[in-house]
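Hello,

Here is the structure I promised to pass on. Please have a look, then read my notes below.

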Amino acid sequence: MNSQDTKLSPQSRRIILSFIGIAINVTLSYVTYKLGLPLFFDTIGTVCVASITGFLFPAIFTAVASNVICTLFYEPSMYLSIFHALIAIITVALTRKKAFRKIGSVAAYVAATALISSLSSSLVLYTLYRQDFPTLIVRNAENFSAATSTPYFLSFLISNYLLYFIEKSFISIFAMIVLALIPKKILELFEHDTWASHFASDDAQKSIIETVSNSKHPFHKKIANLFVLTSIVLVCVTGYIALRVYFDNTKTDKRQNAWDCAETIAKSIDPSQVNGFIKYRTNAPGYVATQELFTKIQECSHNVFRLYAVKFETNGLIYIFDTNRTAFYQPGELVPYEKKFSLIADSFIDCNYSRFNEQNGLFRWNYTCYYPVLDDEGKCLCFVCADASLNYFKEYMANFTMRVLLIMAGFFIVIISHTIWSIGTNMSYPISAIAACIDRFSDLSEDQGKLEENVKLIRSLDIHSQDEIQTLYDAICRMMLSQSEQLSDIRRLSESTAKMQDGLIITMADMVENRDSDTGEHVQKTAAYVKIIAEGLKKKGYYAQKITPKFISDAVRSAPLHDVGKINIPDNVLNKPGKLTDEEFAIMKTHTTAGKAILEKAISSVQGENYLKEARNMAAYHHERWDGKGYPEGLHGEVIPLSARIMAVADVFDALASPRVYKPAFPLEKALAILQEGSGTQFDPKCVEVFMDSLSEVKAVLKKYTGGSFVL
């Protein structure tokens, strides 16, 4: 049944079904919660929506929205949304495989979803609420543990799983009954694939979908990944800032409270009694009352966990009062300094001003303030110390982080699923279909008949999105039709031009070959090496903007002309068997400028300037060096034309690997070693890299032109 047959679109029907599923989930969950039943049946609507539609977004939306509403009467429900969304995803996957009517698949589904539900509820109730949330599941676990003498947590997991297994079995049976009762035509109203509506014909659909499915990084997934990454970073940064601000503010409060407690006690102690406290200890007058003051002030302050009074001596601390019963020191007891404290102990002796010791860590903090008790002359008799700590904050942070992640994960998965569905349907898929047609157009550029078929194919997509994509689509349709007609005319002209260019190349190469005894096979081999290097660069993505199929073709066909300038070199210099003198070498170097002049003259008088441009660049600059020490102009790096850099590697390698009138051929290993030595100095390192990666092809060229005589 087509979407035109009904007033509602498939998307609208799915949304309505989702709201019905939400109503079922919330109603059953509320009723079972009020009745005190151990199971809520809060995924029955989710499973039905997922199995009827077979689409992720409506199923995930149903799951998460249900949990958000259920939070109004059952707080932990919010933290279960991500797990219920996972159940929705599994249900959709099972539905798409048409496996919901198979007993074996349904049994595996029940076991898996029961495990997810039991583990998630155990995680939330046991970890976040520490068994403090009064639920029947917790009470059942306690009873099970007492009856079977098993550890509570294990009992919690087992009883939880058994209960959820019963629930998921009932839900699965219910979903199977619903699917069996709903007529097929009704199911088709929800299962209609909107992506197919982008194609006007079955032939177009079949041709394009295969190409689109090969995309390794779909646009809608990139958007989703970017959204996920941005959201995670935002949540982490926001959460960290919130915790950091809370941590710092709490430190300030605790620090001030510690000073207030220490100051209050210090000003309440009678200085004249301090020495008596040390000497007579608990028997000293006023000692018991002062000790009670320490205890009461600590009980009134939740921020200070220890109050004590000490006197600093050269060999240790004398404890006078101490509220810490676990590490209690007897009044008047001399305690040697700890090693880390002994370094600063001298600064406390005879000091009459307040001091503090603070230790900071990542969400850990310890603070001790020392307030002096002074006599009438301002001499320090002892210090009242107050200890404050935030060591519990690490556990608080972990609990807070888990709660935030569980809540945000549920919302994220709804937004992500909607993003993938919306962008995929309205943007990614149409763009991919258009791109596939354009790729076919470029791939079929040599077959006029197939080009015309492809024009018909892209027009059959019939995209009517009424946005920028439709504007792009219409423009591309017009462009492809126009280009198809123009290519038909251009093809006839290019065939005659190509014949003329090939004739020119052959003529010029023959002129050089007749004078230089080493050039014949040299131009053929260097052309083969140029092709190997150029294709290797393209394969690795190097110089992607420069290396096109036309560039490779021009470079390979122009390669035989790189030494065309040698036509001007005298025979006694060109074919000299020994080493050239400085004067002779200067003459030999002029073959680059001579070659450039010859080819520029050809360019100016012959059609096909783009084709001969690479020949001119190779002839003029194939002796330039990557480090700028070459000739004739001393160009360096990427300033040297790419075709000349490629030819430099091919030319030098063939010179090393081939016999010359002045030297024998080098072994392959030595030739390659010299080539690698020059990488980054004489040669473009990327050209050397791809040449070394293509040794099997290089050896094939050597074998072809040496008859197997070369030492491989």
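The structure holds zero disulfides. Keep in mind that this is a predicted model. Cys380 is in no disulfide. The nearest cysteine sulfur belongs to Cys382 and lies 6.7 Å away. Cys380 has 10% relative accessibility, so Cys380 counts as buried. Cys70 counts as buried too, because its relative accessibility is 1%.

Next, the nonpolar cores. The largest has 40 residues. Within this core, Ile60, Val124, Leu406 and Ile413 touch the most other members. Several helices each supply at least two of its residues: H1 (10-35), H2 (44-53), H3 (56-70), H4 (81-96), H5 (103-128), H7 (152-181) and H14 (393-443).

One more residue to look at is Arg645. Arg645 sits in helix H22, which spans residues 642-657. Is Arg645 buried or exposed? Its relative accessibility is 6%, and buried means under 20%, so Arg645 counts as buried. Not counting residues up to four places away in sequence, Arg645 touches Tyr543, Trp626, Gly637, Glu638, Ile640, Asp684 and Cys687.

Best wishes

Note on methods: Residues are numbered from 1 along each chain as its sequence is written. This is a predicted model: local features need pLDDT of at least 70, side-chain atom pairs count only at pLDDT 80 or more; totals for chains, interfaces and linings use all residues. Side-chain values use heavy atoms; hydrogens and water are left out. A nonpolar core is a set of buried Ala, Val, Leu, Ile, Met, Phe, Trp, Tyr and Cys residues joined through side-chain atoms within 4.5 Å. Buried means under 20% relative accessible area, exposed over 50%, partly exposed in between (1.4 Å probe, protein chains only). Helices (H or I, at least four residues) and strands (E, at least two) are DSSP runs, numbered from the N terminus. A disulfide is a pair of cysteine sulfur atoms within 2.5 Å. Contact means heavy atoms within 4.5 Å.
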